[in-house]
Protein chains: 2
Amino acid sequence: MRLIVPLQAVAQGRGGLVLGSLIPCALFYFLQFYLRRHRPSSSSSPPPSSSDSNLSELTSMHRSFSRNLLSTRGSAGPSCISSRGAALARGDDNPYYVGLKRCAEDPYDASSNPDGFVQLGLAENRLSLDLIRDWLVSNWKDSLLSEEQELSVRGLATYQPHDGLMELKMIMSSFIGWLNEGYSFLLEINCFIIFFIKQAVSEFMGHIMQGSISFNPSQLVLTAGATPAVEILSFCLADAGNAFLVPSPYYPGWDRDIKWRTGIELIPVPCRSTNNFNISIPALERAFNQSKKRGVKVRAVIVSNPNNPVGNLIDQETLIGLLDFVTEKNIHLISDEIFAGSTYGNDQFVSVAEILDVENFDKSRVHIIYGLSKDLSIPGFRIGVIYSHNENVLAASSKLARFSSISAPTQRLLVSMLSDARFISEYLAINRERLQNMQALFVDGLKELGIKCASSSGGLYCWADMSKLIGSYSEKGELQLWDRLLNVAKVNATPGSTCHCIEPGWFRCCFSTLEKSDIPLVMERIRTVIQSN
Amino acid sequence: MRLIVPLQAVAQGRGGLVLGSLIPCALFYFLQFYLRRHRPSSSSSPPPSSSDSNLSELTSMHRSFSRNLLSTRGSAGPSCISSRGAALARGDDNPYYVGLKRCAEDPYDASSNPDGFVQLGLAENRLSLDLIRDWLVSNWKDSLLSEEQELSVRGLATYQPHDGLMELKMIMSSFIGWLNEGYSFLLEINCFIIFFIKQAVSEFMGHIMQGSISFNPSQLVLTAGATPAVEILSFCLADAGNAFLVPSPYYPGWDRDIKWRTGIELIPVPCRSTNNFNISIPALERAFNQSKKRGVKVRAVIVSNPNNPVGNLIDQETLIGLLDFVTEKNIHLISDEIFAGSTYGNDQFVSVAEILDVENFDKSRVHIIYGLSKDLSIPGFRIGVIYSHNENVLAASSKLARFSSISAPTQRLLVSMLSDARFISEYLAINRERLQNMQALFVDGLKELGIKCASSSGGLYCWADMSKLIGSYSEKGELQLWDRLLNVAKVNATPGSTCHCIEPGWFRCCFSTLEKSDIPLVMERIRTVIQSN
């Protein structure tokens, strides 16, 4: 303003108003330009949207002159973020994330986007979303606001315990115990519940559970998804620089979830196809001794059961072997059982909790990770669980749960959903059936293409042996096939190397995001790649 | 079983069945007892509930014999957790947490628990919960399930972007911009919205915003509360061992939220009562130089505006001074503006974003923390925001948001609530009025007791000078007064030493959890302590 007025006086006469506006603006534009070139600019500042920049430029033009000089004066360079932040900010070239991103940007949909990318890389269950939808439509409103609305709004809006509401912990404990009883047990409950009003169901479930595996609600810490659950537990069990032994192939996300912020090292311990990728205790022993030699302290073994990515279950003998191993080495066992309710086939899932219930191991070194993203098809709800007998782990992880709390409305909704025993039992039964059908269809489809899968009994995926399709029997050959599957066939499967599988050519294929009717198309796309070999 | 059968044969004859059952049980009991005493027990394992232990004992008795021997064999001692986990597991003796815990265990309620502890330690706003309740009752169901239920359930149940839904980011951006325009602007909107249908309101708000402070939705990262927001941002800006300068007194939770997992040091930079605790740039300069001398790298200045615990606002001149300071030192500025909408009085709140909009500072070094816990009275919803122009910070913190995601149902609900411009504007206006009234009543009450408060214009608390009431003018004297307030008067106020206040005798008193009618009782309780001096 200070400068515009005198300049208007200079540009008097015809068109003076126009020139008087334009000239100072132009002058200021070049002044800005000059100053910007001669002050340290931040390479990390994103380009503002055009409307933003125009606006702020206009408003700042006449006020920022003195400020420019001032702020330029002492600046020692562009702003830098932390080295750990910068490492995270860099793009991922890991095929697991590259594939997920490609699919998210252009997802296949039979009707709206038939040429899009087919997502076999994401363990998300869409097979039974209709059941969840129907429940939500019927129960949404009632589940949250009772007649005593005063009480309800306090329970929703105000601060709640960071590690989860006790009501949800109670019903979650029953639910996890319930899953472990298997399908036949659910049918029993189905017959019973017609005698009970809804409000009594949770007590009823707690009562029923006492005879079998019991999960104590006060030993549960609830978090916003299983991702923070495994991070928080890891933080509590190991210091930066310590290591976990991980039978491989393992879930690629662990490299991110466990390592990023905790500074813990993950040491893959290879399992072999000759043994259907079952865990080998002697291999754990060797890995433990090797770590010891190079001065790395191993603090735990972490396993997934049902295994991700293979889909096999850990049998009772191996579980006991693992417990013996961690006892002897005086370390911990983390069992990620997030697919416990997504099992099918004849093999019976056995939770490590069941072994602890009947065998006299030191319970304080055994910890279970669970969540509702897979078994209840609600990853969007972000519900994770740490279950531990170790009171120090519980105390520390309850405190850390403040960084990963579940919102109260979502918790209330879940209390209501999980208390609806009839819905839950029906859901689990139907979901298991659909999962089994889909798995059979998908595995058969691959078989017709000459691709065999590892034997599996759980999870939302199969573990396919495509080693015959790779050019060179190496990680390079595997990634070349992955690239052709993604970029030629537009099919995103997860290559085994991202799961630290020691044998090249294995791929994890998640089938639960598909419709049955999609399978022929997916197989046809894969066939294209095979034929172009 | 193997042992029970032969023992039954030994105990043949009258009562043989009874003895045949009892004797082996007794023998096994003593065997268990013997083995337990002679194997390393874990001191960290919590005592199982009595029903649990009885049941598991009974079921395991006849199966665990061989296992006991095996599992005892190689155990090298009780299981240990990480040193950082153990540090967290230890109880807090910080008066801030001790007071909060006491109140939570036995909370005052005028009708149901009149002898309970009065909570002045928690910045939670209950003054306008009735408005939130009414909105939820009317809009709960509609807000989440549209007529196209297929779409809705996918948007609720399946995986969503970890750093928040774009819809919520858009409406949050408008909301934050809106807050910064102040009350008069809200009235304008109030007049406008009657012409717009609900669905159009968000666009409308975005449109309106362009003329004033604009918050770009793509520069927002949403997290499960402001607690993880500040932790994630800190992790991205500083490495372990680096430090932040923090004008003190400051929010006691930062010592937990910023330090626990990131390893960042917080350096208090004292503000003085003579200046109503306003920020002093020369003091920052001195602290910066001192840190440099002892080899500690300062990476940022973090401030709260409105200040917590004082309640004063940072004026424009000081904000510019802060921006000059961080520019000159080539460090970052974090402005926690979580109480931006909880202001009252005549002073106008100025966001640092407003300065950035009109002054030509390097935006990549300025970051804002926000959340809905305070201004919308919904801490139970866990909604936090990182707002940054720095694309590396955005990239890294979006990735870290996977550990602190907000559930999709809660996000959908919020999109609906924040889009209801009429509700939001009414809520904010009424809430501000109630806040102001409550603040005036509370401060007057203290004044009658001879206790003066610092001048304030925002927040849910006042900053009370009780230095005349302390025995010795020291931290010890302050904590003695805190102890008497808590244990004699059953009033939990936060002592200034937990906020790193350099002058003893100041207390933060949150008044927004009270009813107006509670104030005489609270003052009476404080008077008891004064009179017993």
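**View 1. Domain 2 of chain A against domain 3 of chain A.** Together they bury about 2700 Å², 53% of it from carbon and sulfur atoms (accessible area lost by two parts on being put together, 1.4 Å probe, summed over both). This is a predicted model: local features need pLDDT of at least 70, side-chain atom pairs count only at pLDDT 80 or more, and totals for chains, interfaces and linings use all residues. Residues are numbered from 1 along each chain as its sequence is written, chains are lettered from A, and side-chain values use heavy atoms, without hydrogens and water. Domain 2 spans 93–127 + 430–531 and domain 3 spans 221–407 (bounds from an automatic or database domain assignment). Into the contact go 29 residues of domain 2 of chain A and 35 residues of domain 3 of chain A (heavy atoms within 4.5 Å).

**View 2. Polar pairs across the interface of domains 2 and 3 of chain A.** The rule finds 17 residue pairs in polar contact, both at pLDDT 80 or more (N or O atoms within 3.5 Å, one able to donate a hydrogen and the other to accept it; residues adjacent in sequence count only if both atoms are side-chain atoms). Salt bridges number zero (side-chain nitrogen of Lys or Arg within 4 Å of a carboxyl oxygen of Asp or Glu).

**View 3. Thr498(A) in its loop.** Thr498(A) sits between strand E12 (494–495) and strand E13 (506–510) (strands are DSSP runs of at least two residues, numbered from the N terminus). Its relative accessibility is 8%, so Thr498(A) counts as buried (under 20%, 1.4 Å probe, protein chains only). The Thr498(A) side chain reaches the backbone oxygen of Pro495(A) at 2.7 Å. Thr498(A) also touches Asn94(A), Pro95(A), Tyr96(A), Pro252(A) and Asp255(A), leaving aside residues up to four places away in sequence.

Conventions:
Helix = DSSP H or I, 4+ residues; strand = E, 2+ residues; numbered from the N terminus. Buried < 20%, exposed > 50% of the residue type's maximum accessible area, 1.4 Å probe, protein only.
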